[in-house]
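Thanks for coming, everyone. Let me put the structure up, and we'll walk through it together.

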Number of protein chains: 2
Amino acid sequence: MADDMQLCETQCVHEDIVEKVKKLLPDEEAIYDLADLFKMFGDTTRMKIMYVLLESEMCVCDIAEILGMTQSAISHQLRILKSSKLITSRREGKSVIYFLADDHVRSIVNQGMEHIFE
Amino acid sequence: MADDMQLCETQCVHEDIVEKVKKLLPDEEAIYDLADLFKMFGDTTRMKIMYVLLESEMCVCDIAEILGMTQSAISHQLRILKSSKLITSRREGKSVIYFLADDHVRSIVNQGMEHIFE
DNA sequence: CGAACATTTGAACATCTGTTCATATGTTAT
DNA sequence: ATAACATATGAACAGATGTTCAAATGTTCG
């Protein structure tokens, strides 16, 4: 009586459902990638950055000014956002201009909004 | 020369863009709520739970079995998911059956998938 | 009521995550 | 080349987050 007490032994498990659903699940990696993507939207600072970029492309300094945060903090987050291909950048002289990579940010944010307002 | 070195003084800030975008931003609370919603999708365990529930409603014990995790860990996460109205539950005798509250989970997950596969 | 089962909950712990601070890199103009 | 500016980066620190463990709650059935 100490094997695996936490998992209900067998009583309440509905084997049919469990077996069926186990097969239908996507592989570990796909789920990992999905969670990683949504993590980007799960932080206030990054959410704000994306909202800002929905309006206009911008240099790091502008974003920092708009959000009232340090340039360093923004730069760190931009790096993270870039790594998940949500935003890209190009250099323009001394500045680096950041902008959304595609329309996915807009659609994902909109889906989220729909859930909130109801 | 020590005031706020991190925020670019005034040189690089494009006042016109900054002013315009500042006004367009949603209020702090809306952004906070949105980030909170996406946080739910940003954890592997919760993501798996939602995937499972996309296939079928289920009791806590079944989910724990499918994911190979302790019943306690699942229960904690179910509580969090419930607090953001993504899932609901009903009691059926000794069991508690969990299920998705509406179709938002499906649409949000699908939007995420679209970004990943391209 | 008491025993067995299913789920919930709280505290503790370890890990992950975001910001800060100091410094480095890269670009332009003198 | 040097100075000034814009951005990036690394280490350190603090706070948030997820799992575990132990114990509590709630439900059914004899």
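Which residues are closest to DNA strand C? They are Gln11(A), Cys12(A), Asp43(A), Cys59(B) and Cys61(B).

A word on the source. This is a predicted model, where local features need pLDDT of at least 70, side-chain atom pairs count only at pLDDT 80 or more, and totals for chains, interfaces and linings use all residues. Residues are numbered from 1 along each chain as its sequence is written, while chains are lettered from A and ligands numbered from 1 in the order in which they are written.

Ala, Val, Leu, Ile, Met, Phe, Trp, Tyr, Cys and Pro count as nonpolar, Asp, Glu, Lys and Arg as charged, and the others, Gly among them, as polar.

Next, chain A. Its secondary structure comes to 6 helices and 3 strands. These are DSSP runs, numbered from the N terminus: helices are H or I with at least four residues, strands E with at least two. The order along the sequence is α-α-α-β-α-α-β-β-α. The C-alpha trace spans about 65 × 35 × 25 Å along its principal axes.

Now the partner chains. In all, 51 residues of chain B are in contact with 51 residues of chain A. Contact means C-beta atoms, placed from the backbone, within 7 Å. The side of chain B that touches chain A has 28 nonpolar, 14 polar and 9 charged residues.

Last, one helix. α6(B) covers residues 104–116, which is 13 residues. Which of its residues are buried? Val105(B), Ile108(B), Gly112(B) and His115(B) are. Buried means 20 or more other C-beta atoms within 10 Å of a residue's own, exposed means 12 or fewer, and partly exposed is in between; C-beta atoms are placed from the backbone. Down the axis of α6(B), the buried residues fall within an arc of 90 degrees, so they line one face of the helix. That arc is taken from the directions from the helix axis to the C-beta atoms. On the other side, Arg106(B) and Asn110(B) are exposed. And the buried residues of α6(B) pack against α2 and α6 of chain A, together with α2, α3 and β3 of chain B.

Key
Near = placed C-beta within 6 Å. Expected span 1.5 Å × (residues − 1). Contact = placed C-beta atoms within 7 Å.
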